[in-house]
Amino acid sequence: MVRDIVIYPDKRLKQVSKEVTSFDSKLHTLLDDMYETMMAKGGVGLAAIQIAEPVRVLIINIPIKDGEEEKQPKENTLEIINPIFLETSGSVKGQEGCLSVPGFYEDVTRYSKVKLKYQDRDGKEHIIEDDDFLAIALQHEHDHLEGKLFIEKLSILKRKKFEKEWKKKHKK
């Protein structure tokens with residue numbers, strides 16, 4: 001089921017998500033809904049809090065090239081529950097956007113390499129390491145679980161400019 005995305009400045013996005021302790025059908029439905037929602041909204045990652053579920057769950061599905069088009073088959077979706085960064089290193093700057101801050105993109109500095117421990121939908125533990133786009137996506141989505149948005153990583157000047165433009169754009 002496609003769910004509504006929580007849009008900035010909704011206060012729910014500031015909530016710190018709770019640990020998942022039950023790996024049951026309710027969690028599986030949440031993960032399936034998250035995938036459908038992310039696909040419908042054109043994203044590559046989604047944290048549960050972005051659909052108003054304050055639990056430590058995120059998904060990432062980086063598009064793969066298939067001829068001229070990019071695809072995101074469900075079986076390529078990383079389902080990450082209760083993530084914990086074990087190691088981070090390096091630095092990289094790149095443009096980010098967010099389904100909760102639609103239409104806004106800005107350069108953000110992140111770690112270039114990460115090592116993360118997490119559980120899958122059945123509670124089994126895994127470790128993943130990456131030094132590519134996935135590393136950035138993991139950090140971006142993990143920030144949501146901590147109640148943080150990528151716009152908070154902007155310089156004060158860029159943040160003020162964003163706030164001004166956002167208010168102007170969303171006045172009704």
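A pocket here is an open set of grid points with protein on both sides within 12 Å along at least five of seven lines, and its lining residues have an atom within 4 Å of a point. Keep that in mind as you look around this structure, which is a predicted model.

**Pockets**

- The second largest pocket has 13 lining residues, and Lys-26, Leu-27, Leu-30, Glu-53 and Val-55 sit nearest its centre.
- That second largest pocket holds about 240 Å³ of space, and helix H1 (residues 25-41) gives the largest share of its lining, with four residues.
- Sort the lining of the second largest pocket by class and you get five nonpolar, three polar and five charged residues.
- The largest pocket has a volume of about 370 Å³. Its lining has 21 residues, and the closest to the centre are Val-44, Gly-97, Cys-98, Leu-99 and His-140.
- Strand S6 (92-98), strand S7 (101-110) and helix H2 (133-145) each bring at least two residues to the lining of the largest pocket, with H2 giving the largest share, five residues.
- By class, the lining of the largest pocket splits into ten nonpolar, eight polar and three charged residues.

**Salt bridges**

- Side chains of opposite charge can pair when their charged atoms come close.
- You'll find 16 salt bridges in this structure.
- One of them joins the side chains of Lys-14 and Glu-152, at 3.1 Å from N to O. Lys-14 is in the segment before H1 and Glu-152 is in the loop between H2 and helix H3 (156-169), so this pair ties together parts that are 138 residues apart in sequence.
- Glu-79 pairs with Arg-121, with their closest N and O atoms 2.8 Å apart. Glu-79 is in strand S5 and Arg-121 is in the loop between strand S8 (113-119) and strand S9 (125-130), 42 residues apart.

**On the surface**

- Ile-84, Leu-86 and Ile-127 make up a nonpolar surface patch, with about 270 Å² of accessible area together.
- Ile-84 belongs to strand S5 (residues 78-89) and counts as partly exposed because its relative accessibility is 44%.
- Ser-91 is in the loop between S5 and S6, and it counts as exposed because its relative accessibility is 56%.

Key: Residues are numbered from 1 along each chain as its sequence is written. This is a predicted model: local features need pLDDT of at least 70, side-chain atom pairs count only at pLDDT 80 or more; totals for chains, interfaces and linings use all residues. Side-chain values use heavy atoms; hydrogens and water are left out. Patches are made of residues with over 30% relative accessible area and no salt bridge: like charges are joined within 9 Å, nonpolar side chains (Val, Leu, Ile, Met, Phe, Trp, Tyr) within 5 Å. Accessible areas come from the Shrake-Rupley method with a 1.4 Å probe; for residues, only the protein chains shown count as cover. A salt bridge is a side-chain nitrogen of Lys or Arg within 4 Å of a carboxyl oxygen of Asp or Glu. Buried means under 20% relative accessible area, exposed over 50%, partly exposed in between (1.4 Å probe, protein chains only). On a 1 Å grid over the protein atoms alone, a cavity is a set of points where a 1.4 Å probe fits but cannot get out, and a pocket is an open set with protein on both sides within 12 Å along at least five of seven lines; lining residues have an atom within 4 Å of a point. Grid points are joined across faces, edges and corners, and a volume is the space filled by probe spheres set on the points. Ala, Val, Leu, Ile, Met, Phe, Trp, Tyr, Cys and Pro count as nonpolar, Asp, Glu, Lys and Arg as charged, and the others, Gly among them, as polar.
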